[in-house]
Structure formats: structure tokens, C-alpha cells
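Grab a pencil and work through these exercises with the model open beside you.

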Amino acid sequence: MNLTAHTRRRFLGNVTTGLAGIGLMDLLGGPAHAAGGGQVAPHHTAKAKRVLQIFCPGAASHMDLWEHKPMLEKMSGKPMPGEENLVSFQGKNGNLMQSPWPFVPSGQSGKAISSMLPHMAEHVDDIAFVHSLHSKTNTHGPGCVFMNTGHDTEGFPGAGAWVSYALGSENENLPAYVAIPDIRGEPPNGKANWSNGFLPAKYQAITLSDQMPIRNLRRPDSVDVQTDQATRRFLDQMNRRFAAENPAESELQARVESYSLAARMQLSAPEVSDLSAESSATHRLYGTDDENKLKAAYARNCMLARRLLERGVRYVNLYCASRASGVDGLLNWDAHKTLKADYERHCPVFDQPTAALLSDLKQTGLLEETLVLWTTEFGRMPTHQQGTVGRDHNPDGFTCWMMGAGVKGGVSYGATDDFGRRAEVNPTTVWDYYATALHLLGYDHEKLTWYHNGLDRRLTDVHGHVINDVLA
């Protein structure tokens, strides 16, 4: 036998045994991510400790919400210069169409936003608007996945999975990453938006909302406490033994930790979900008892998001709207046919509860260490779809914004052209946006990687630059 080969084989065998021991020690020592124990040391001093990402699926219109276009108002009803015969996602476009609502200068900065968002107008001096984003895709499913994962195909980790992998959780009794779907349903492509992708399974989000509590947490009445605890101890011993004997089972540790977390959440999850503990003044601030049932449900989810953040959850994905329905614009912001009616349904649901959540974070001091991201998958056309009073998909220019820890408020970075058709001033990618978010969390986006299929994968793919103009 070749001595070198034998030595190499023995060495690899010892390494495998050693890793199994390390894994077992990790299990015996408790969750790897309890009390802030992340996997990746920060690359520089962080401004933010946690993230709230608010997502409005359906491609919320930038020129109807956030980016005022006076030239669009002036030219409304006329063909768009240079693109008179434009054919976009759903077909031919008509003439330019101004926003149905006026824009109102707000805050000390005088930032103009839609009059449909009076409560959000109170926060413009704390927000950094990025008006020059553009996407790789004009289709909702891939667009949502791209905005959440940095890739337009499924199978990649969500931004929250990357952050939970890097930072871990501050609370051993709650998950590091939580997704809060809207009462109307999941967004396009569903759970792919908060998947762990190729990262270990423990980094995927736990889904939780006011209307959808975590299932199977309650101990059956037929099982007493002593029996329940003894059963857990026995299962724990069996799981640890199996993990030690099968070190190549990469998802086993995640499963053990998930069940262990579930047991601890039997006490913590009901408490964090108990919105009755909030004062009546706070409920009024959010609008949880509003006659509009969709607004009240989203308001309760906003309140839940704040309670999760203040208890140490690292990343909260909060959704306002869901996937498309048989009627365009009914369940999300996809206003192909009747923009005015659709947004007069969606804006009141979004405006007060979101603004209340931001106010609550600010007055409790959480905003000083929380990065808030507002996102959507792409924008909409400045023209109307032929034969309708709605707008088609526009991946070439749209707005997202950020606020909170380390963000320079009251600024607008980049711009689309005079009509809102294309990103023209400082064109910005989704990868730039996330490079900036990771920078605020203390990470160099080029160094936060995971080796997969021969490549050091990252949230920003092989792209991205920090947007220094939005940093405080």
C-alpha cells in the first residue's frame, strides 16, 4: 500500500471524527446562535444590529408614491418621446399618464411624496430614497426573488438568511429570521423569498403572523409536564448520538436545533404574539381596530414586527400585499388596469400602520440600531396600458428606500428620467442596495461568502458597490 495515500486517508478520517466531535460539543453547548453568537466576525464597526425589511409585492409604482415627475404631469396625455410605439410586458402602451394624486412637499427637506401617504410623509426627513434602481427581470416571481436574494432564480438564500448566518440571534428562545406574510397570502414565488437556499436549513425564516401563529407549539392536554420534559430529554439524547454517528448529515443539526428552538418557543412565542399586552394608545397609533379589515390585519403584523425586533430577532421580513389574483391589483400593487382604484385600496392599508411602526421604533430607541428597508420588485411604466387606465411593468427604473441605523435621512439618491421610464442619474443595482445594507451591519459584501458548487457565493453575486451618499 502506498504510505502517502494511507497517511492522507488516515488524516481525512481523523478530520471527519474531529468535526463530528466539534458538532457534538456544539449541540451539547446549546444553540450555535444563541445570544448573538454568529458565524462571521464583523469586518468593521456596525451601525445596525438588526433589519426590518418591508416588502410591497406587485411592483409598487415609483411615480405614484415616491418620485415626483412634474414633466409627466405637463406631458400627460401625449406620446412618450422616442417610445411612441412601446411594447412592454403586457403589450402596447398608450400615452403618458400623470399620477392621479398630487405630490405634497413634506418635512424640513421638502421632499414631495404622494398625498395618498400622509402618515409616511411625517418620516421623509429620516429616509434615504434610492430612485434609480433597476432590475434584471420584468416578471413578478423572479423579480421578488431577485429583490430578496440578489438572484433571479430560486435556490439562493434570502438576505435575512445571510444576516442570520453572519450575526446569529440575540435571543435563544426566538429565531434569528422571521417572515411575516400578509393576511392576503404569500408573495409571488412564496417561500423562495425567505429560503435558506444553499445555506444550512437553520438559516431559513420562520413564518409567523398575527393571523397565522406558529402551529403545534401547544402541549397536548393529555400529556403532563413531567412526561413532556422526559420525552424531550430522551429525544435530545437520541438526536445527539445520531448526529455524532452521522457527521455528513448536514441538515441533521439544523433539524435538532429547530426542534429544540420549537420547545423553547412554547414559552416565548405566545408572549411575543400577545398583542393584548400593548396599550390602547399603541393600538390606536397602528390602527389595529380599523374598520378596514385588511388595514387592521397589516397593522397587527406591524406591531408584531416591532415586538420581534425588540426581543432580539435579527431580520424581520414584513409583507404588505400578496401574490397576484385573477383580478389585477386586487391583492397586491400590480395595477395593470385600474391604477387609481387599486392604489386607493392599497395605500390606506400601508400608510398608517407602517408610519406607526417607524414612529414606534424611533420613540423606543430601537431605530438607532435597526436598519429599515422598504422594497418592491420593480417599477411601473409612465404610460398607461393601451385600453386601460393602469400601468405595465417597468424593470428599468424604480424606487426603494432605507432608514434608521447609519442612514442619512432626508436625501434622495439617483433619479429616473423626466417621465420615470429609466434610471438615469446614478443607476443603482439591487446588489448595490444590499452591499450598502451589509456595510451598515458591519460586513464587507465581498467577504461574506459561502462555498457552494465550486464558487464562493454571496448575496451580491459578483457585483455591488456601497452607496456612500446615503450613509450618515
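**Exercise 1.** Which residues does Arg-421 touch, not counting residues up to four places away in sequence?

*Solution.* Keep in mind that you're looking at a predicted model.
- Step 1: find the spot. Arg-421 sits in the loop between strand 16 (415-416) and strand 17 (423-425).
- Step 2: collect the neighbours. Leaving out residues up to four places away in sequence, Arg-421 touches Met-80, Glu-83, Leu-86, Met-381, Pro-382, Asn-394, Asp-396, Gly-397 and Thr-416.
- Step 3: pick out a polar contact. The side chains of Arg-421 and Glu-83 make one, at 3.3 Å.
- Step 4: check the cover. Buried means under 20% relative accessible area. Arg-421 has a relative accessible area of 6%, so it's buried.

**Exercise 2.** Work out whether Pro-187 is buried or exposed, and say what it touches.

*Solution.* 
- Step 1: Pro-187 is in a loop too, the one between strand 7 (177-180) and strand 8 (206-207).
- Step 2: its relative accessibility is 0%, so Pro-187 counts as buried.
- Step 3: not counting residues up to four places away in sequence, Pro-187 touches Pro-57, Asn-193, Trp-194, Tyr-319, Ser-322 and Arg-323.
- Step 4: Val-145 is 42 residues from Pro-187 along the chain, and their C-alpha atoms are separated by 9.7 Å.

**Exercise 3.** Describe how strand 1 (residues 50-55) is covered and which strands it pairs with.

*Solution.* 
- Step 1: look at the two faces. Arg-50, Leu-52 and Ile-54 point one way, while Val-51, Gln-53 and Phe-55 point the other way.
- Step 2: count the buried residues. It's six of six, so strand 1 is largely enclosed by the rest of the structure.
- Step 3: take one partner. Strand 10 (residues 370-375) runs parallel to strand 1, with six bridges joining them. Phe-55, for instance, has Thr-375 as its bridge partner there.
- Step 4: take another partner. Strand 9 (residues 315-319) also pairs with strand 1 in the parallel sense, over five bridges. In strand 9, Val-316 is the bridge partner of Leu-52.

**Exercise 4.** In the open sheet of three strands, what is the strand order, and which strands stand at the edges?

*Solution.* 
- Step 1: the order is 2-3-12, with antiparallel pairing.
- Step 2: strand 2 (87-88) and strand 12 (383-385) each have a single partner strand, so one side of each is left without a neighbour in the sheet; these are the edges.
- Step 3: zoom in on one pairing. Two bridges link strand 2 with strand 3 (residues 91-96) in the antiparallel sense, and Ser-88 has Gly-91 as its bridge partner in strand 3.

**Exercise 5.** How many residues of helix 4 (residues 140-149) are buried, and what comes after the helix?

*Solution.* 
- Step 1: nine of the ten residues are buried, making helix 4 mostly covered. Among them are His-140, Cys-144 and Phe-146.
- Step 2: Gly-150 follows helix 4, and its phi is positive, near 85 degrees.

**Exercise 6.** Which residues make the nonpolar surface patch of about 300 Å²?

*Solution.* 
- Step 1: the patch is made by Phe-234, Leu-235 and Met-238.
- Step 2: Phe-234 belongs to helix 6 (residues 225-245).

**Exercise 7.** Sum up the whole protein chain.

*Solution.* 
- Step 1: count the elements. There are eleven helices and 20 strands.
- Step 2: check the cover. Of the chain's 472 residues, 53% count as buried.

Note on methods:
Residues numbered from 1 in each chain as written. Predicted model: local features only at pLDDT ≥ 70, side-chain atom pairs only at ≥ 80, totals over all residues. Heavy atoms only, no water. Helix = DSSP H or I, 4+ residues; strand = E, 2+ residues; numbered from the N terminus. Buried < 20%, exposed > 50% of the residue type's maximum accessible area, 1.4 Å probe, protein only. Polar contact = N/O pair within 3.5 Å; in protein donor to acceptor, adjacent residues only side chain to side chain. Contact = heavy atoms within 4.5 Å. Patch = residues over 30% accessible without salt bridge, like charges linked within 9 Å, V, L, I, M, F, W, Y side chains within 5 Å. Areas by Shrake-Rupley, 256 points an atom, 1.4 Å probe, with all protein chains shown as cover. Salt bridge = Lys/Arg side-chain N within 4 Å of Asp/Glu carboxyl O. Pairing = 2+ DSSP bridges.
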